[in-house]
Amino acid sequence: MQKDAAVYDQNNIFARILRGELPSHKVYEDADTVAFMDIMPQSDGHVLVLPREPAAELFELSEGAAAAAIRTTQRIARAVRHAFAPDGVSIGQFNGAAAGQTVPHVHFHIVPRYADRALRGHASEPQQPDVLREHAERIQAALRELGLA
Ligand code: 5GP
């Protein structure tokens, strides 16, 4: 049986960031997408990429917005890899609480992986704002160096 579409909460935390009502450490934006630092990063350089289109889960997103989101995810992942030189990069996207989704606006996680460091818990340890700012600046510099800004 097909599941009903998830109802979009206009006041979820990412909707409020997209409307500029709440701050974020932004690394990139264009007409269709926004990327900012995860406030509780699982590793240094953890970025979230969001389509601007309001959709709780991937299933409700238009194909155009999905394409824009994955284009930006690839672009930011390249910059994160350039800035942090991790051993690997995980890219993830969760749909529904049972899958681990905690904020009901579609987003992609870009998580640098370091062979000698365990991941921090999901959405569990807030990072200092000055550290997030410095990491965002490193990624923005990498975007410029790679000609992706
Ligand atoms: P989800 O669990 O929905 O896949 O991921 C939501 C992510 O958003 C988590 O990794 C969490 O740390 C992050 N997050 C939660 N609240 C905020 C916030 O207010 N600002 C930012 N930048 N990230 C947030």
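**From a ring pair to the ligand**

Guide: One aromatic pair is present in the structure, counted where ring centres of Phe, Tyr or Trp (its six-membered ring) lie within 6.5 Å, with planes under 30 degrees apart called stacked, over 60 edge-to-face and the rest tilted. This is a predicted model, in which local features need pLDDT of at least 70 and side-chain atom pairs 80 or more, while totals for chains, interfaces and linings use all residues. Residues are numbered from 1 along each chain as its sequence is written, and side-chain values use heavy atoms, without hydrogens or water.

The partners are Phe14 and Phe36, edge-to-face with 5.5 Å between centres and 75° between planes. They join distant parts of the chain, since Phe14 belongs to helix 1 and Phe36 to strand 2, 22 residues apart; helices (H or I) are DSSP runs of at least four residues and strands (E) of at least two, numbered from the N terminus.

Around the ligand stand 18 residues, the closest being Asp38, Thr102, Val103, His109 and His122, with a heavy atom within 4 Å as the criterion. For polar contacts (N or O atoms within 3.5 Å), a side-chain N or O atom of Asp38 is 2.5 Å from a ligand oxygen, a backbone N or O atom of Ile39 is 3.3 Å from a ligand nitrogen, and a polar backbone atom of Gly100 is 3.0 Å from a ligand oxygen.

How values were computed: Polar contact = N/O pair within 3.5 Å; in protein donor to acceptor, adjacent residues only side chain to side chain.
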